[in-house]
Amino acid sequence: MSIEIQNVSKQFGEVTAVNNVSFSVKEGELLALLGPSGGGKTTVLRLIAGLEVPTRGDIFISGQRVNDIAVQQRNIGFVFQNYALFKNMTVFKNIAFGLKVKKWGRAESASRVAELLELFGLPGLGERYPHQLSGGQRQRVAIARALASKPSVLLLDEPFGAVDAKIRQELRDWLVKLHHDLNVTTIFVTHDQEEAMEVANRIVIFSRGALEQIGTPREVYEAPVNEFVARFIGVLNVLELEVRNGVARLNELEFPGHGLLEGQRLRIGFRPYAVQVSSDLSQYRCRAVLRHTFFLGVMLRVELELPSGLMIRARMAKEEYAQLGLADGHAVSFQIRQYRVLAREGAPLAPETAAVQELLPTMGEGI
Amino acid sequence: MAGPVKSRLHRAATSPSQRGTEESPLVKWLLIGVAFAFLSLFLLLPLVNVFAQALSKGLQFYLNSLTSPDTHAAIRLTLIVAAVCVPLNLVFGLAAAWAVAKFEFRGKSLLVTLIDLPFSVSPVVAGLIYVVLFGRQGYLGPWLDTHNIQIIFAVPGIVLATVFVTFPFVARELIPVMQATGTEQEQAALTLGASGWRTFWHVTLPSVKWGLLYGVILCNARAMGEFGAVSVVSGHITGQTETMPLRVQALYEGGAGASGAAAFAVASLLALLALVTLGLKTLLEWKQAHDYARAQQTTPEAGPAIAKRTASTWP
């Protein structure tokens with residue numbers, strides 16, 4: 001079912017947890033609510049569920065305004081961060097609870113539970129109690145319980161927060177597959193941008209109660225609307241520059257300063273992949289020493305220390321690293337191929353300045 | 001105390017390698033011995049004495065003194081008082097614990113303090129409060145008199161005084177249990193479509209049942225054993241307003257001979273009640289700790305905030 005959030009705010013006493021947020025969720029979408037803790041994303045999820053009532057604004061589920069509809073009547077499935085399984089009930093009874101409440105027949109609900117146990121890879125565990133299950137199994141029971149009575153929306157609060165790293169990866173893959181199989185509109189909350197990028201169709205980014213950006217993982221990564229999003233999604237190098245003699249510079253790093261005033265300060269950001277490294281010291285103008293190499297699998301991240309002591313992060317393929325014959329402690333030259341102006345002293349950012357700036361090859365060699 | 005201290009110093013001097021926090025075996029056994037000797041002298045011996053005195057005139061006398069009409073009336077009154085007070089305090093305790101554990105509101109700490117009031121007030125004062133309120137010379141005395149309602153020196157007064165004295169037990173036991181459980185299971189039940197009432201019966205109550213039972217048992221023990229507050233409001237009318245503890249006193253004051261043995265016979269019933277309570281309490285404590293350990297296993301990766309909260313509020 002589609003969900004529409006319109007100008008929703010939520011106050012807890014003096015604290016504004018959610019501030020005038022609007023977005024919509026399409027039918028069958030897998031959406032992530034992403035942001036640092038205290039960003040208001042869990043409150044948004046609870047508002048959709050009906051566990052909280054909005055102070056202002058409206059919430060629509062498949063076109064119907066649900067502000068005054070109690071949580072019991074919203075037909076949602078909610079998975080709590082710590083699962084909130086009924087610890088005095090068996091797995092079977094946990095999953096059957098919602099069915100019993102909704103007056104399903106005994107045989108009907110037994111076959112539904114059996115079907116879910118099968119689907120969720122939990123056959124034979126029906127008579128166990130929650131404390132007899134592993135973390136991953138508990139989570140699957142919690143999701144099975146939420147889905148038992150076929151809700152129109154599945155809401156998950158930090159679904160991968162309470163399990164260790166290895167199981168987390170399995171659960172991510174599993175959730176994507178589950179969503180693909182069931183095609184139920186799903187919204188999950190996470191503070192882990194990698195998780196959101198990997199799992200969701202679209203991501204809504206929150207900070208301090210406000211919506212910063214909504215878009216596909218690619219959109220928010222490649223075209224962040226502001227500095228917060230740019231810094232929150234993925235790794236970003238940020239530099240503070242000052243314009244002198246028509247060139248924006250920080251120590252030995254120089255960037256074109258056209259359109260900028262003498263003495264103006266600005267902040268730019270660039271992704272690690274935009275840094276091109278060479279072992280040939282004469283290839284690029286900037287020099288650095290390779291301090292650390294982090295192996296991330298196929299890709300590597302290296303930390304470069306500039307003569308001024310400034311550290312920047314670069315990313316390259318393993319093959320490229322081997323080809324260049326790099327190792328920690330080597331002297332290298334580098335250039336920054338793309339960057340983005342994040343903030344400019346004394347003037348609002350015009351869209352064209354905020355867009356990605358490509359350094360011309362001549363410029364690149366010039367700095 | 002000089003003994004153990006000296007020997008500890010001595011040992012520390014001779015074996016410097018010994019761990020600083022470890023007591024010598026001598027000190028350990030001495031302390032355990034002292035504790036046991038103290039408990040035997042002041043608790044076990046009197047308890048054994050109660051039963052010995054009760055049975056000093058033979059089993060037949062013991063049974064006869066328990067079935068005498070006045071004693072019988074006292075036992076009945078005690079049971080009635082407990083039967084009224086315990087359910088009242090069960091409901092009150094549940095409501096108060098729910099309010100404190102699951103809601104945030106102004107005056108919460110005041111409520112918690114008020115719940116503890118009976119623990120800090122002398123039972124005699126508790127009794128006097130009711131005499132001052134409802135007694136013939138009290139504020140409401142004349143009005144009650146004209147409407148022919150008797151509270152002081154009658155069963156209602158005894159019930160009121162007992163409720164006052166016993167009301168913290170259930171609430172005090174439940175608050176930490178409910179705080180540790182949190183509200184997530186209840187919210188989960190709501191999202192699954194359950195009404196508040198159904199959630200209470202199927203989710204809340206089962207998760208606090210051991211704590212609740214524990215509180216009820218302590219409450220019952222106190223309700224049956226209360227002397228001070230009841231003594232002030234009862235009027236000591238034999239066969240009418242005498243509870244078991246008052247009956248013990250009345251019989252004992254009746255003389256050292258047969259009456260004294262009868263006093264001990266009634267006292268032995270109260271002592272028996274205490275022993276049963278102690279046994280049940282231990283069992284429930286074990287059950288509760290067991291369930292708690294299981295609950296901890298259920299959420300082993302729960303955030304530190306939650307872990308801290310449960311740790312600090314668990315009794």
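How many of the 315 residues of chain B count as buried? The share is 34%, where buried stands for 20 or more other C-beta atoms within 10 Å of a residue's own, exposed for 12 or fewer and partly exposed for anything in between, with C-beta atoms placed from the backbone.

Before going on, a word on the model. It is predicted: local features need pLDDT of at least 70, side-chain atom pairs count only at pLDDT 80 or more, and totals for chains, interfaces and linings use all residues. Residues are numbered from 1 along each chain as its sequence is written, while chains are lettered from A and ligands numbered from 1 in the order in which they are written.

Chain B has 15 helices and zero strands; helices (H or I, at least four residues) and strands (E, at least two) are DSSP runs numbered from the N terminus. Among its contacts between residues at least 6 apart in sequence, 73% join residues at least 24 apart, a contact being two C-beta atoms, placed from the backbone, within 7 Å.

Chain A holds an open sheet of four strands in the order 2-1-4-5, with antiparallel pairing. Strands pair here if DSSP finds at least two bridges between them. Strand 2 and strand 5 of chain A are the edges, each pairing on one side only. Strand 1 and strand 4 of chain A are joined by five bridges, and Gln6(A) has Asp58(A) as its bridge partner in strand 4.

| Strand of chain A | Residues |
|---|---|
| Strand 1 | 3–12 |
| Strand 2 | 15–25 |
| Strand 4 | 56–61 |
| Strand 5 | 64–65 |

Now to helix 3 of chain A, residues 106–119. Its buried residues are Ser109(A), Arg112(A), Val113(A), Leu116(A) and Leu117(A). The face turned away from them carries exposed residues, including Glu108(A), Glu115(A) and Glu118(A). Just after the helix, Gly121(A) takes a positive phi of about 65 degrees.

Finally, the two chains meet through 22 residues from chain A and 21 residues from chain B. On the chain A side, helix 2 gives the most, with three residues.

Notes: Expected span 1.5 Å × (residues − 1).
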